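Subject: A structure for you to look at

Hello,

Here is the structure I said I would pass on. Please open it and keep it beside this email while you read.

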Amino acid sequence: MTRSISKPIFILNGPNLNLLGQREPEIYGAKTLADIESDCVAFAKENNFALEFKQSNSEGELVDWVQQANATMAGVILNAGAYTHTSIALHDAIKGGSIPVIELHISNIHAREEFRHSSIIASACIGQICGFGPSGYSLALQAMLNHLTV
C-alpha cells in the first residue's frame, strides 16, 4: 500500500539552530542544519512526499510561517528552540490553525536546566519528540506521515 499526502510537510527551526554543528556539540551533535535538511529531503523522497525546510531566529517570522502553513501545508514539525519555553504567540498561532503540529527538540529538554522543562507550545501540538539527537527529525517525519495517512 502506497501512502501519500497531497501537500508538503513544513519543518520549521527556531533560534540558534543555524549554529548546529558548532554550538554545544556535546548536546546537539556534530551535524549542521544543512546536514539535517539533507537527511529530511532524502526521507521525504524515499517516502514520496514533499517538504519545505526553514530556519529563523525571529519569533515573528516563525509565527507568520505557522499561520501561512494552514493554507499550504499538510502539517508542521516545529523545533522552536528557546521559543518553546517563552512564546505564547507561537502557541496561539498553532492553536489558531487547523493542521497538525509536532514539537521537536534535538536534546531532551526534560533532562536539562529546569527552565527548559516547561513547553508553552506542547498543549497546542499533537505530540512532542525530544532527546534523540538529529535523528529526531526523521522520527518526527515518520510520526507526521503516520498521522496524516491513517
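Below is what was found in it, taken one region at a time. Keep in mind that this is a predicted model.

**The main core**

Start with the inside. The largest nonpolar core has 25 residues. Within this core, Phe 49, Ile 77, Tyr 137 and Leu 141 touch the most other members. Five elements each supply at least two residues of the core: strands β1 (9-13), β2 (51-55) and β4 (101-105), and helices α2 (33-46) and α5 (136-148).

Leaving out residues up to four places away in sequence, Leu 141 touches Ile 9, Ile 11, Cys 40, Phe 43, Phe 49, Leu 51 and Ile 77.

**Helix α3**

Next, helix α3, which runs over residues 59-72.

Which residues of α3 are buried? They are Leu 62, Val 63, Trp 65, Val 66 and Ala 69. These residues cover an arc of only 160° around the axis, so they sit on the same side of α3. Their cover includes β1, β2, β3 (75-79) and α4 (88-95).

**Helix α4**

**Thr 84**

Stop at the loop between β3 and α4, where Thr 84 has its place. Is Thr 84 buried or exposed? It counts as buried, because its relative accessibility is 0%. The side chain of Thr 84 reaches the backbone oxygen of Gly 81 at 2.8 Å. Setting aside neighbours within four places in sequence, Thr 84 is in contact with Glu 103, His 105, Ser 118, Ser 119, Ile 120 and Ile 121.

Cys 125 is in no disulfide, and the nearest cysteine sulfur to it, that of Cys 130, is 12 Å away. Seen from the other end, Cys 130 is in no disulfide either, with the sulfur of Cys 125 as its nearest, 12 Å away. The cut-off explains this, because a disulfide needs two cysteine sulfur atoms within 2.5 Å. Cys 125 is buried, with a relative accessible area of 12%. Cys 130 is buried as well, at 15%.

Most residues other than glycine have a negative phi. Here are two cases with a positive one.

- Asn 16 has a positive phi of about 70°. It lies in the loop between β1 and α1 (25-28). At 32% relative accessibility, Asn 16 counts as partly exposed.
- Asn 48 has a positive phi of about 60°. It lies in the loop between α2 and β2. At 51% relative accessibility, Asn 48 counts as exposed.

Lys 45 is in helix α2. It counts as exposed, because its relative accessibility is 73%. Lys 45 and Ile 109 are 64 residues apart in sequence. In space they are 30 Å apart, C-alpha to C-alpha.

Leu 139 lies in helix α5. It counts as partly exposed, at 40% relative accessibility. Not counting residues up to four places away in sequence, Leu 139 touches Ile 129 and Phe 132. Leu 139 and Ala 122 are 17 residues apart in sequence and 17 Å apart in space, C-alpha to C-alpha.

Best wishes

Conventions
Residues are numbered from 1 along each chain as its sequence is written. This is a predicted model: local features need pLDDT of at least 70, side-chain atom pairs count only at pLDDT 80 or more; totals for chains, interfaces and linings use all residues. Side-chain values use heavy atoms; hydrogens and water are left out. Buried means under 20% relative accessible area, exposed over 50%, partly exposed in between (1.4 Å probe, protein chains only). A nonpolar core is a set of buried Ala, Val, Leu, Ile, Met, Phe, Trp, Tyr and Cys residues joined through side-chain atoms within 4.5 Å. Helices (H or I, at least four residues) and strands (E, at least two) are DSSP runs, numbered from the N terminus. Contact means heavy atoms within 4.5 Å. The expected span of a helix is 1.5 Å times one less than its number of residues. The arc is that of the directions from the helix axis to the C-beta atoms. A polar contact is a pair of N or O atoms within 3.5 Å; within protein, one must be able to donate a hydrogen and the other to accept it, and residues adjacent in sequence count only if both atoms are side-chain atoms.
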